[in-house]
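Student: I have a model open and would like to learn how to read its features. Where do we start?

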Amino acid sequence: MESDAREQTTGHGHGPVAAGEIAIGVVIGRASEYFDFFVYGLASVLVFPALFFPFVDTLTGTLYSFTIFAAAFITRPFGTALFMGIQKRWGRGTKLTLALFLLGTATAGIAFLPTYESQGALSIILLIVFRSLQGVAFGGSWDGLPSLLALNAPKERRGWYAMLGQLGAPVGFLVASALFLFLHSTLAVEDFLGWGWRYPFFVAFAINVVALFARLRLVLTEEYTKLLEEGELEPIPVREMLAGQGYNLFIGAFAALASYALFHIVTIFPLSWITLTATQSINEVLVIQVIGAFVAMAGTIVSGVIADRIGRRTTLTALALLIAIFACFAPVLLHGSTTGQDAFILIGFALLGLSYGQSSGTVTANFSSRFRYTGAALTSDLAWLLGAAFAPLVALGLSMEFGLVAVSLYLLSGAAGTILALWINRKLKPLTLRRH
């Protein structure tokens, strides 16, 4: 990392901490997790309607796929609670190893699933089970490193280091979409649907193994264990957290709503809409989305610079307003020419990078130190559930029924939620500071 990522001392009498080293662990860990989720999301459009729901039309099959897609976000908070208990009893290393092993196994297990043609309804049940296990594992993979990064980053560069923690998402999407593009463009349709689509799910297990060792290298060392303990980054019972500072959980989730609402509207929904309306080829859309992933990465990096200049809350508020403006043009762009559809994807990815880069942890400083570890994890879970879980299902279903204005309304509701939550947070912050 550059010189600004210099080592930070904690003032507790032991060795220095390299904020850049923590950031690398966070990026690797998050990229592997998002790769798993995006592989599933892309397959929900390109594969599952044909192989698991051949008894209905393509639109209905895609809606069924998106319904199962949401299952992981529903089970994710339960995974967080379950693995918090595992960590409390058996330690952070055991928890992380089990969670990532489960995530890799659940994702790779999908590669072995039989299709509806061979096993009927059992294939759908197994798909639901493995997708739900993905969510449980994702919730359990919380390692506290983003919170540790926030505590040890240079004060004047907190926006920059917060951005680094979010960079894993566009990296994960880039790898997943590029892999699907390669397979879909080089294989015949029969081969792609027969065996090609399974390959990315195999790859996920290997990526998770690499990520596991990268993260264990940090969280199991004596230095980082002391840092996590000194920052009180340890799990507490979910019930206690909700009773003590549950209001911060909801403020934090809604503060990130605009970004999370945009997340799957840009990454998953356009592929389904364009595929169903046959206005572009699948390969053309995937190419644009690969380019969009690079745009999102650039936007995420720029968000760190902007946030350190004008503040993270101001940045999020401004981006929520820009997303609201973007939402108003969504029907015109998506329903228009190929150029308009490509513009929707690329502009959307730019806004996603800029907003998502600062969406995590913006208000988690409201949590007192005792509540921060569990509170940060559950805030993320709730933001994904409220903002992103049902976005492809709702946007596609309502758009096909009532038109693309549904996409506008969905994004506008997310932007309104973010602006309102940040306003409430600003009003409550003086009270929170006096209380703690």
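Tutor: Start with the word contact, which means heavy atoms within 4.5 Å. This is a predicted model. Among its contacts with a separation of 6 or more, 85% join residues 24 or more positions apart.

Student: How many helices and strands does the protein chain have?

Tutor: The protein chain has 22 helices and 2 strands. Of its 436 residues, 57% count as buried.

Student: How do I describe two packed helices?

Tutor: Two packed helices are described by the angle between their axes and the distance between the axes. Take helix α15 (residues 257-267) and helix α21 (residues 391-402): they pack at an angle of about 65°, and their axes are 9 Å apart. The crossing of α15 past α21 is right-handed.

Student: Which residues make the contact of α15 and α21?

Tutor: From α15 come A261, H264 and I265, and from α21 come A391, P392 and A395. By class, the residues of this contact are 5 nonpolar, 1 polar and no charged.

Student: Now single residues. Is L102 buried, partly exposed or exposed?

Tutor: Buried means under 20% relative accessible area and exposed means over 50%, with partly exposed in between. L102 has a relative accessible area of 23%, so L102 is partly exposed. L102 sits in helix α5 (residues 92-110).

Student: What is L102 in contact with, leaving aside its neighbours within four places in sequence?

Tutor: L102 is then in contact with F83, L133, V136 and A137. As for S141, L102 is 39 residues from S141 in sequence, and their C-alpha atoms are 9.6 Å apart in space.

Student: And how does I347 count by relative accessibility?

Tutor: I347 counts as partly exposed because its relative accessibility is 39%. I347 belongs to helix α19 (residues 338-356). Between the C-alpha atoms of I347 and G292 there are 8.3 Å, although 55 residues separate the two along the chain.

Methods:
Residues are numbered from 1 along each chain as its sequence is written. This is a predicted model: local features need pLDDT of at least 70, side-chain atom pairs count only at pLDDT 80 or more; totals for chains, interfaces and linings use all residues. Side-chain values use heavy atoms; hydrogens and water are left out. Axes are lines fitted to C-alpha atoms, for helices over the stretch in contact, and angles run from 0 to 180 degrees between N-to-C directions. Helices (H or I, at least four residues) and strands (E, at least two) are DSSP runs, numbered from the N terminus. A crossing is left-handed if the near helix is turned anticlockwise from the far one by less than a right angle, and right-handed if clockwise. Ala, Val, Leu, Ile, Met, Phe, Trp, Tyr, Cys and Pro count as nonpolar, Asp, Glu, Lys and Arg as charged, and the others, Gly among them, as polar. Buried means under 20% relative accessible area, exposed over 50%, partly exposed in between (1.4 Å probe, protein chains only).
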